[in-house]
Amino acid sequence: MPKRQRPGVGGRRLHRGGVVNAEATPGLPVLLLEENLHLRQLLVEALRGRGHVITVCEDVETAWEAYQQEHHPIVVLALEAKQGDGLQLGRRIRELPDGPSTVLIFVVEHKPPQGLLTLLAVADDCLTKPLKGDVVEMRLAAAEHLAHERAERKAAEVERQNLKTRLDRIQTAGDGEAAEARPGTGLRSRMRRIAASLGIVGDARGGEGDAPAAVPPPPQPEPDAAPEVLGPPLDEPPPPAPLDQPITVLPEEPAGAPEERPLEQGITDGWWDWDLTANAVNFSPQWKAMLGYRPHELKGVPDDWFSRVHPEDRDQLKAAIDAHLNGKTPHIENEHRIERKDGSFENMRCRALAFRDSSGKPVRITGSHTDITEQRAFEALTGLPNRASLIERLGRALERARAGDGTLSAVLFMDLDRFKNINYSLGHHVGDQLLKAVAGRLRSCLRAQDGPERLGTTVAHVGGDEFAVLLEGIKEVNDAVRVTKRIQDELQAPFDVEGQEVFTSSSIGIAVSTPEYDRPEDLLRDADTAMFRAKALGKASYVVFDAGMHVKAVSLLKLETELRRAVQREEFRVHYQPIVMLEDGKIIGFEALVRWQHPDGELLYPKDFLTVAEETGLIVGIDRQVVRDVCKQLRSWTGQFRRTTPLTVSVNVSGVQFLRPDMIVEIDRTLRNYGVYGRSLKIEITESVIMEHARYAADMLQQLKALDIKLSIDDFGTGYSSLSYLRRFEIDTLKVDFSFVSRIDTDEESWEIIRTIVTLANNLGKDVVAEGIERGKQRELLLALHCKYGQGYFFSRPVDAEAATALLAADTRGESLLKTQ
């Protein structure tokens, strides 16, 4: 992902500017262009460890498009990249308006042909190969600090310009003022002193092209007088009303009592001025009007503001103010909710700047609030209402239903099928464009509908690849079902995303309002629950919610909570099932199978928790523990038993884990930590994972083979069973699914499928392992088909590490598992 640059000593190299504090700074969007998988994984791991959000690209044009979309503050570029030159891309980035503030880092050979001076004329730093972890960490820390410095400088300059504009307006408004009460204390004089302190020179009233006028110095105090500052002198008690001339000039009140005039309409900005010495605030009429108050209301104290801030937002607002007053931030910018007079809340963005006396003590803050409630109601990518807006509209619909209008409302909760695959294979940029295209198709689909449900519809983007549709004014659940089918029909047609034909479908859950629903969140939750049930049925399915689903959802939530605790406490245990030579029953290896030792004493099997683990991503933590425990056990067995052929242990890796860029690095680190050779580990993955992510899988499998790790296709014959991918990828072993093996002696079709698989594997020089052998007859038929290896209850059930060690000991003594049958 892209990163940003910073000038340093002797050029713009980050590592020359002195000692860098490696303390983690807030995460930033980073653009990474690196086609070498090993280097990419190293950089991804380092960046992710520092909390950054990373966009990974494999070619120059994709990286260029990604940068134009997001303008990442930090960009890391491989100098030689696919379909282009990384140096040229760096120059193109520099030419953009935000380019000079981007921290740009090149990844180069030890002696790049262009020469370091040429590169450093464009980049801020160069990382030379081979990359070393500690060096990368130090340089990334420097890049982060530089990016934050540039962002703060840019924000300060924007704030300075904004303040200059405000001061210009204030001075213009002050032209008609009466004479100032005493020299140096009037509005224009104070504004000029503020402008001078900020380095803003010139007369804001001058027309375009006027020569800048000098800002007169403030009046000199009498010899014995204290220096004059903004606000009352520090050594005098503050007057009761110090803000008779606030920094913000407000429009004059029209004649007539304020309470006789209607509140101002359409106001989105309100100014205020806070005298810190007197602890008094002058709120403009516009500020008060935004919250539903008249100009004469409120007391003019800070509590008028802070007491109305939502309790959840108050602490972080005060922390932002304190940070600025203590000199840690160049200005105040904070978003929080403020309660209106009618009890509702508005989303506000606060921007402010403190003014200090000659000793540096803050004496005044001037700022504004902008109403961003409408902005907050819509999701930026698709332009659709967001979750909060949907809940608000749904709440109003439920209120109307309770009032007895005789109609129902329904929520259709949608999840795009295989959207993650699209993101992984085509990139997040294509995924974003697909979301926008889906949003557009949903709008047109629902806009064109007719029938009773057309009384009111809202399409919302509630997060990620999830959408929701609110249908108001329907008479029965079938109205919602008809709309659901229409949506699914519309989504069947391919989407043209940047010249690529992309297909998707949607699993939809339907929940219809009933008198029992008091909260809109509950109806949305139940539609979400139904959607997960639909997803379990297969792509492009829909399910109508019933009460039993909620009970199951609560149960699944409890299971997820317990799973999270189990991952933290490492409650998972590895059991080992022997893989044997069918001819003599000698052990050649094991398959590692995970079990969950639940705190209540029960040993749970994968069918009890694996689905939830994969849906929540907890499977990654489980896979890590299994690989770690297997490597630890392999080290123990290697030292305990001398074998003529190395023992291998097969580990199933989930699709979620396989698609993580850092999987290779983690496995390599674990092998090294336990001193285990890669050839002792065999990774099992399913056909579907490889075929659905073929381009990505090719890289991952190549890297696994580089570590000398063996590869196995699990459940072969149940999915694609593609000859082309067997030739393309360096697969060592095919595992015949137990569903065929269990029927080999009773079903001719299963026998024929296994014969075909074994023949294919033998012709391609690959091993075959038959799973689920339970009867001697099955073993004999497999031997007749020239299948060499197998596993199943006929030889041994999966056993814990201690029992597996005993089996190995017996095998070393020449005992065969066949003799125990």
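This is a predicted model: local features need pLDDT of at least 70, side-chain atom pairs count only at pLDDT 80 or more; totals for chains, interfaces and linings use all residues.

Me: Which residues of α22 are buried?

Reply: Y696, A697, M700, L701, Q703 and L704. Buried is under 20% relative accessible area, exposed over 50%, partly exposed in between (1.4 Å probe, protein chains only). They cover an arc of only 160° around the axis, so they sit on the same side of α22. The arc uses directions from the helix axis to the C-beta atoms.

Me: And what does the face turned away carry?

Reply: The exposed residues R695 and A706. Helices here are DSSP runs (H or I, at least four residues), and strands are E runs of at least two, numbered from the N terminus.

Me: How do α20 and α22 cross?

Reply: Their axes come within 10 Å and cross at roughly 15°. Axes are lines fitted to C-alpha atoms, for helices over the stretch in contact, with angles from 0 to 180 degrees between N-to-C directions. α20 and α22 are therefore roughly parallel to each other; that term covers angles under 35 degrees.

Me: Which residues meet there?

Reply: M663, I664 and I667 in α20 meet M700, Q703 and L704 in α22. Contact means heavy atoms within 4.5 Å.

Me: New topic. Where is V122?

Reply: In the loop between α4 (116–120) and β8 (125–128). V122 is buried, at 7% relative accessible area.

How values were computed: Residues are numbered from 1 along each chain as its sequence is written. Side-chain values use heavy atoms; hydrogens and water are left out. Angles under 35 degrees count as roughly parallel, over 145 as roughly antiparallel, 65 to 115 as roughly perpendicular and the rest as oblique.
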